[in-house]
Every structure is written in C-alpha cells, then in structure tokens.
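Q: I've got a new model on my screen and I'd like to learn how to read it. Can we walk through some features together?

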Amino acid sequence: MIDIRSLALATVLVIGASAPVHALSGARATADDKGLVTIFDNFAHKYPKALYLDLTSVEIRGGGGGALQSWSAAPFTPAADHVVTKIEVPVSIYTGKNGLVLSLNSDADGVPGDALKSWNLKDLPPQGSCCVVETAKDAQGIAIKAGKQYWIVLSTNSKEGSTWADWLEESEDQVDSESMANYDNVYGWQPSTITPSLAFAVLGSK
C-alpha cells in the first residue's frame, strides 16, 4: 500500500544503467561482502524467497511521449561515520528502454540534494522477478557523516524517456509509514510517505 500521492505513480518502474550485478537475495555473505559494514538494510534476509515484495512498488518513468516524468528516493541516516562502497536496490523493468540511474545524494531540506555519486543500471529483470537486486559499487567509497540524512535515488537520463520501471518495496513491515520523496517535471522534488517502505541496502566500511 502506498500513500495517495504515490498511488498516482503506482505500478512498476525499472531503473536502468551500466553493467548490473544481479545477486540472489539472502546471500548477504558473498565474497565481496566480507568485511563490509551494514549501514542500512531493510531486506528480509530471513526469507530468501520473500526478500522484498515483488509486485508492490513505485514507478520510475522517463517522461517521454508526453507522459509525466516520475522519479523516487528513499532516505537513510547513518548512526556513525562510514564510507559507502556498495548499494543494493530491487528494481524491475515494465516497458521501454531498459535502464535507470541510481545515485547517492545529499539532503536538501528534506528532499534529495546533489548527487554524491551516480551509477547507470541496465538489463533489469522483468516485472514480477524475485529475488534479484541491482548492485552499484565504488571501490574508493563515498564518505558519509553520522546523523546526517542521505538519499538513495532512482531516476532516468536523457536516453531513458521511454523507461517505465518498478522500485520494489520491503516485505517485513507492512504497517508503519516511512519517508520518501517523489519527483516530477512539474513540481520537482516533494516529500511524501509510503507503506511499506522502498527496499534497499547500503554497505561500506567504518
């Protein structure tokens, strides 16, 4: 279930970009995760066949052909200083160009601010797939500060006007509302809430 404003954007969005890494759900303990700190993670790792809700999502749309452009963002606030080296999001493609932009953004008065780092995603799985996650990595890492809010953003670039994708929602808490932000080409970024919240994970080092 999503709030009224998000409902207008509802169904399925896909975020596309460069060389995606598909990781099958519960396998948090992969070789490249060794030594990483979990900064934020709302995936249901106890339930590898229900890591997230595979048909409950918000749409990411490129806005081509006269359609309303629609992007989404989910916030997190680290409890300690960290360096982000890995971000995971569950997304699927509904129709159009198979690509999205994933970014880690600063906060600007409760909505996403400048992008600290962006990645291109591509070859997204089809709608209804579970439990695949798209993975973005940065070997050098992006420093983030304790107590400051940051945003994970899914958007489109100028070549992805036809993209219509889904950002899937988390499966463990279907009661409590969480903050998010929606963007369109009329009003820009606007704060909102969503239930269940958008699924994602942020990992890195201390």
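Q: Let me start with one residue. Which strand holds S57?

A: S57 sits in strand β3, which covers residues 53-61. Keep in mind as we go that this is a predicted model.

Q: Is S57 buried or exposed, and what does the side chain of S57 contact?

A: The cut-off for buried is under 20% relative accessible area. S57 has 5% relative accessibility, so it counts as buried. The side chain of S57 makes a polar contact with the side chain of D166, at 3.4 Å.

Q: Let's zoom out. How many helices and strands does the protein chain have?

A: There is 1 helix and there are 14 strands. Of the 206 residues in the chain, 51% are buried. The chain exposes about 9,200 Å², and carbon and sulfur atoms supply 53% of that area.

Q: Among contacts with a separation of 6 or more, what share comes from residues 24 or more positions apart?

A: That share is 81% in this chain.

Q: How do I read a sheet, and in what order do the strands run in the open sheet of 6 strands?

A: The general idea is that strands of a sheet pair through backbone hydrogen bonds, either parallel or antiparallel. Here the order is β8-β7-β10-β4-β12-β13, with antiparallel pairing. The edges are β8 (112-122) and β13 (188-194), each of which pairs on one side only. Ignoring direction, neighbouring strands in this sheet are turned by 25° against each other on average.

Q: Over how many bridges do β4 and β10 pair?

A: Strand β4 (residues 71-76) pairs with β10 over 5 bridges, in the antiparallel sense. If you want a spot to look at, S72 stands opposite L154 in β10.

Q: What about V101 in β7: which residue has its C-alpha 6.8 Å from that of V101?

A: That's N157, 56 residues away along the chain. V101 belongs to strand β7 (residues 99-107) and, at 11% relative accessibility, counts as buried.

Q: Where is T163, and what lies 3.4 Å from a polar atom of its side chain?

A: Look in the loop between β10 (150-155) and β11 (164-169) for T163. The backbone oxygen of G99 lies 3.4 Å from a polar atom of the T163 side chain.

Q: Now the rings. How many aromatic pairs are there?

A: A pair of aromatic rings is described by the distance of the centres and the angle of the planes. The count here is 8 aromatic pairs. One of them is F40 with F200, a stacked pair at 4.4 Å centre to centre and 20° between the planes. F40 is in strand β2 (residues 37-41) and F200 is in the loop between β13 and β14 (201-205), 160 residues apart. F40 is partly exposed at 25%, whereas F200 is buried at 1%.

W71 and Y183 make another stacked pair, with 4.5 Å between centres and 15° between planes. Since W71 lies in β4 and Y183 in β12 (residues 178-184), this pair ties together parts 112 residues apart in sequence. Ring pairs also link F40, F76, Y150 and F200 into a cluster.

Q: Which residues does P90 touch beyond four places away in sequence?

A: Among them are F43, Y52, D166, W167, A199 and F200. The C-alpha atoms of P90 and A199 are 6.7 Å apart, though 109 residues separate them along the chain. P90 is in the loop between β5 (82-89) and β6 (91-95), and it is buried, with a relative accessible area of 0%.

Q: Last topic, the backbone. Which peptide bond has omega near 10°, and where is phi near 55°?

A: Most residues other than glycine have a negative phi, and most peptide bonds are trans. In this model the C130 to C131 bond is cis, with omega near 10°, and the T195 to P196 bond is cis, with omega near -10°. C131 lies in the loop between β8 and β9 (132-144), and P196 in the loop between β13 and β14.

For phi, look at D109, near 55°, and D123, also near 55°. D109 is in the loop between β7 and β8 and is exposed at 83% relative accessibility. D123 is in the loop between β8 and β9 and is partly exposed, at 47%.

Notes: Residues numbered from 1 in each chain as written. Predicted model: local features only at pLDDT ≥ 70, side-chain atom pairs only at ≥ 80, totals over all residues. Heavy atoms only, no water. Helix = DSSP H or I, 4+ residues; strand = E, 2+ residues; numbered from the N terminus. Buried < 20%, exposed > 50% of the residue type's maximum accessible area, 1.4 Å probe, protein only. Contact = heavy atoms within 4.5 Å. Areas by Shrake-Rupley, 256 points an atom, 1.4 Å probe, with all protein chains shown as cover. Polar contact = N/O pair within 3.5 Å; in protein donor to acceptor, adjacent residues only side chain to side chain. Pairing = 2+ DSSP bridges. Axes fitted to C-alpha atoms, helices over the stretch in contact; angles between N-to-C directions. Phe/Tyr/Trp six-rings, centres within 6.5 Å; stacked < 30°, edge-to-face > 60°.
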